[in-house]
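Hi,

Here is the structure I said I would pass on.

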Amino acid sequence: MQSSLSPGYSSASTQLSERFAESKALAAHYLKDNIDGLQTIAEHSNQTTQQFVTKQAELIAEFINELVQCVKSGLGKTELENKLKAAIAAQLKHRSPAGRYSEKTDADMFNSAVRFLPWLCPGSDSTFSKTNEKHIYPCSVELINFVAELVIRPLLDQQPASPDQKPKRLVRSYVLNNAKSDKAEDKHYINMALKCDTLNYLTGDNAEYDEDSYLISEACLKANDEWSDERPNYPCIFAVVEVESKYSEGAMLNGFSQLVEYSKDVYRNQHNRHFIWGLVSGGSEVKACVFGPNFLLASKFMDVTTAAGRLELIGFLVNWSFCEPSKLGYDPTIRYSYKHECFAIDMVNSNGPMPAQTTYYLREIVVIAERVFGRHTRCFVVGRQPQSLDENSDNSGDILIKDAWPEVSGSAEDDMRDEAKLLKRVSNGLAGRSEFNGLYPKFLGGGRMQIQNAHGDRVDETTRKFLGETVWAQFGDVPIRAHMRIAMSGVGEPLESVQSIYELVVVIYDVMRCHMGILKHCQILHRDISEANILVRRDNAGVHGMLIDFDHAIGITDEGYAVRTEGAGTRPFMSVNNLEDNSTKRTALDDWESIIYILCWLGTFGWNRATRPSGSVAKMAITSWNDYDEMMNANSKRRDMHSSDNFTGITKEFNPNIPHISAFKKLVNGLRAVLIDDHDDPDMRGAIFNKNIIPEESDTDDFLEDEYITRPDPFVERAAHWESISERLLAKLETYATVCKRRISESGSRAPDP
């Protein structure tokens, strides 16, 4: 997890180049290519319905093959036009009318076919085929929309036998109206995308939801669900598309990289997306792909110049039109309520006092998923009733729902990393201890979300389940992620809302006081102290901190050691042990180390717009904590933390324009000294160690094994004394926090005394 406060002060063009380079690296890392049966992800769960859908795709492909054969027949322009018009008219005559879902005439369908057929018939002598690669965008748009028109016009002898056999939506394609074809590979904006047009099969006049109410996003509602005339509207995009002019391995990787970029914006705007579909083409070769929390899967090539390739592509389009919402990558448990004019979120509870399923109503979205790969954590402020019905202010936005996809091991019962169980344990362990009230979220209920499988059984919703065994078996040892949703009380503001150094110190003290309370009374170590996991609360008593996000938390032994030692945390704030992923026992000192790094980060880069530096930060020493690989980050931190002189290289770059930054620097130096320097045992001091050091007086050409001096790792030596060191760290922080509280109360401007 990267810091949301990572510096970014380079030019717009440099930022764009760096962002695309990152997306390219992600695409190369996560891509699993040439997956067989990717289309099965989008197949309907009902076998009879799926047989009907497959037949529809075959019939549409047969008709388009007929049009292709017309083009390849070598007819003159006029004769070819007449033959195509006749074929289209005959086909539509045997199909049901589109009704209110389309006003396209036979002539419109002919014009559409004329536009996409050159893409399917390269090299033909026909006038229709005189085109080149720069026209692929409009060609592909027309083909996709042509298929959509046929989906809503089933053949008269192939009528649906049940509601499941009616299309649920139309998958249509859109392209920038004002973009020239030679801009197709412009990396600044998306040129083409697919959108699902809901068919609104309402169940009655007073229906609360329609079958595709999950497709509606807040931004779409604000725009009256209209597609932008200027560019595709990210809140309404179903699938992202990228077209490369010609096929090559490099071009396809660029295409996937572009889709990674587009997918980030889809996740930012659509808060109920589990995964995202995409299409990328190089010339006539097309691949379907799907982006999930920890994978990018691509199908085998679908060559649209062949009947087999066209059938495969049409199969995707038709399946997307009929399948259940979860097969599209949407979460049907987050949907729009027409009755209450707000979004409803279902909570399936397995760990708390709530009923088995509870519906909450959205008030505010406070955390969005901003990355293509990862946990996709989202947080929603909700109420027990729709806001339009809620006259009781006590019920107004007092609950936070966290929705995420963490890695899991085994069943929920056996998973030691299950956040719902850990948060419940924290709530129970601190119950009745008023000194910690408001400093942590109290567990209300939740756990792993469940779905119904083909046999009607409720099973955990995991990446493996929604991909299916056919696909999952093909891409190796990828960790399983499960859909987790937790309801908790206690809503705070982000750390950027603190208004001064005074408030920041008070908030940090509250967080670490709570951290140590959880460690003592609940035997849980947090392991991911970061600026994103610290919230701010305000009440009549003043400002307070809140420690959240127990994704990486873990139980401890009676001696205070974490039961496992794998690395965890947010890169700039990870302890040396976690960065090195070494075997040193993890203790509270790892989290205290993280707090020092956070304070350094905030002192350098600020915590909001008012406190950020105005100049370039690219060459600051602290950037080495977040650049390159984790071992290099660890080496940098060992060097910087080793001595007070070394540490000056970090603190001298604190932003001098932040009020009272000098006193803040004294606090940070003091905490580092308690952790690193202030120990009677010399083996516990410092941060650098060398296991085998030859004494200076030794003859290096002729020395004995016992002449080596072993310098233990000070992080290892300090771990055994974590409790006493932690007490001194908390006391140091409390001293400053007490002064800061007084300054806040006095509304004075003097810096806190050391």
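**Charges over rings**

Lys 85 lies over the face of Phe 110, with 5.0 Å to the ring centre. Arg 718 does likewise with Phe 715, at 4.6 Å from the ring centre. By "over a ring" I mean that NZ of Lys or CZ of Arg is within 6 Å of the ring centre and within 35 degrees of the ring normal.

Before you go further: this is a predicted model, where local features need pLDDT of at least 70 and side-chain atom pairs count only at pLDDT 80 or more, while totals for chains, interfaces and linings use all residues. Residues are numbered from 1 along each chain as its sequence is written, and side-chain values use heavy atoms, with hydrogens and water left out.

**Aromatic pairs**

There are 20 aromatic pairs in the structure. One of them joins Phe 316 and Trp 320, a tilted pair with 5.7 Å from centre to centre and 50° between the planes. Rings of Phe, Tyr and Trp (its six-membered ring) pair if their centres lie within 6.5 Å; planes under 30 degrees apart are stacked, over 60 edge-to-face, and the rest tilted. Phe 316 and Trp 320 are about one helical turn apart, because they sit four residues from each other in helix H8 (residues 307–322). Helices (H or I, at least four residues) and strands (E, at least two) are DSSP runs, numbered from the N terminus. Phe 316 is buried at a relative accessible area of 1%, and Trp 320 is buried at 0%. Here buried means under 20% relative accessible area, exposed over 50% and partly exposed in between (1.4 Å probe, protein chains only).

Trp 405 and Phe 466 make an edge-to-face pair, because their planes are at 80°, with the centres 5.7 Å apart. This pair links distant parts of the chain, 61 residues apart: Trp 405 is in the loop between strand S13 (399–404) and helix H9 (419–430), and Phe 466 is in helix H10 (residues 463–467). Both Trp 405 and Phe 466 are buried. Ring pairs also tie these residues into a cluster, whose members include Phe 316, Trp 320, Trp 405, Phe 466 and Trp 472.

**Strands**

Strand S10 (residues 342–348) is largely enclosed by the rest of the structure, because seven of its seven residues are buried. Strand S9 (residues 334–337) runs antiparallel to S10, and four bridges join them. Strands pair if DSSP finds at least two bridges between them. Tyr 336 stands opposite Phe 343 in S10. The hairpin of S9 and S10 has four residues between the strands, and Glu 341 there takes a positive phi near 55°. S10 is also joined to strand S11 (residues 357–367), antiparallel, by five bridges; Ile 345 has Tyr 360 as its bridge partner in S11.

Elsewhere, three strands form an open antiparallel sheet in the order S18-S20-S21. Strand S18 (493–494) and strand S21 (542–547) are its edges, each pairing on one side only. Two bridges join S18 to strand S20 (residues 534–539), and Pro 494 stands opposite Leu 535 in S20.

**A buried threonine**

What does Thr 587 touch, leaving aside its neighbours within four places in sequence? Thr 587 is in contact (heavy atoms within 4.5 Å) with Leu 525, Gly 560, Tyr 561, Ala 719 and Trp 722. Thr 587 lies in the loop between helix H13 (576–580) and helix H14 (588–605), and is buried at a relative accessible area of 1%.

Cheers
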